[in-house]
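This report describes one protein model in short sections. Please look over the sequence and the structure before reading on.

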Amino acid sequence: MIAAVMLMSVALVGILCVVAYTLATYALPLMLGFTAARFAYHTGAGLIGASFIGLIAAAAAFVVFAVLFATLRSPILRMVLALVFAAPAALAGYALVHGATHEAIPSAIWRQIFCIIGAALVGVSALMRLAGSKTAAAS
């Protein structure tokens, strides 16, 4: 029974890593969309209006990133833009590993080590995904 639980835990962490890797490129627009929606809700827009504003803000952030990434010619500016886009992905990776290992690892030091490793892996994978994207190869 314990072996099955351990195997399922490893499988869950693997699945969460795949999901984090796949969605890491969209962490910045998602965070901006949530922030805009929360601001709109607190200023009285209501639930539907705030959701619509958040969706528009997230889509606009993604479109602005894609246009900037496609039009910038300087490799340094493109790397800075990719780093700005990958930083929230690293934060999301840290939060993902922390949430998955909060109860499984009793030592706070080891949990932080795993969280930092997870953040680094997700951030680097998002950066590599951005560097290898079709938008980057088209220019």
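## Basis of the model

This is a predicted model, in which local features need pLDDT of at least 70 and side-chain atom pairs count only at pLDDT 80 or more, while totals for chains, interfaces and linings use all residues. Residues are numbered from 1 along each chain as its sequence is written, and side-chain values use heavy atoms, with hydrogens and water left out.

## Overall build

The protein has six helices and zero strands, and its pattern along the sequence is α-α-α-α-α-α. Helices (H or I, at least four residues) and strands (E, at least two) are DSSP runs, numbered from the N terminus. Along the principal axes, the C-alpha atoms fill a box of roughly 50 × 45 × 25 Å.

Of the 139 residues, 28% count as buried; buried means under 20% relative accessible area, exposed over 50%, and partly exposed in between (1.4 Å probe, protein chains only). Among contacts (heavy atoms within 4.5 Å) with a separation of 6 or more, 63% join residues 24 or more positions apart.

## The nonpolar core

A nonpolar core is a set of buried Ala, Val, Leu, Ile, Met, Phe, Trp, Tyr and Cys residues joined through side-chain atoms within 4.5 Å. The largest one has 13 residues, and those with the most contacts inside it are Phe-65, Phe-69, Ala-82, Phe-85, Ala-89 and Leu-130. At least two core residues come from each of helix H2 (27–42), helix H3 (46–71), helix H4 (75–101) and helix H5 (108–131). H4 supplies the largest share, five residues.

## Aromatic rings

Rings of Phe, Tyr and Trp (its six-membered ring) pair if their centres lie within 6.5 Å; planes under 30 degrees apart count as stacked, over 60 as edge-to-face and the rest as tilted. The count comes to three aromatic pairs. Trp-110 and Phe-114 have ring centres 6.1 Å apart and planes at 40°, so this pair is tilted. Both residues lie in helix H5, four residues apart, about one turn of the helix. Trp-110 is partly exposed at 49% relative accessible area, and Phe-114 is partly exposed at 38%.

Ring pairs also link Phe-65, Phe-69 and Phe-85 into a cluster. The charged end of Arg-78 sits over the ring of Phe-69, 4.6 Å from its centre; the rule asks for NZ of Lys or CZ of Arg within 6 Å of the ring centre and within 35 degrees of the ring normal.
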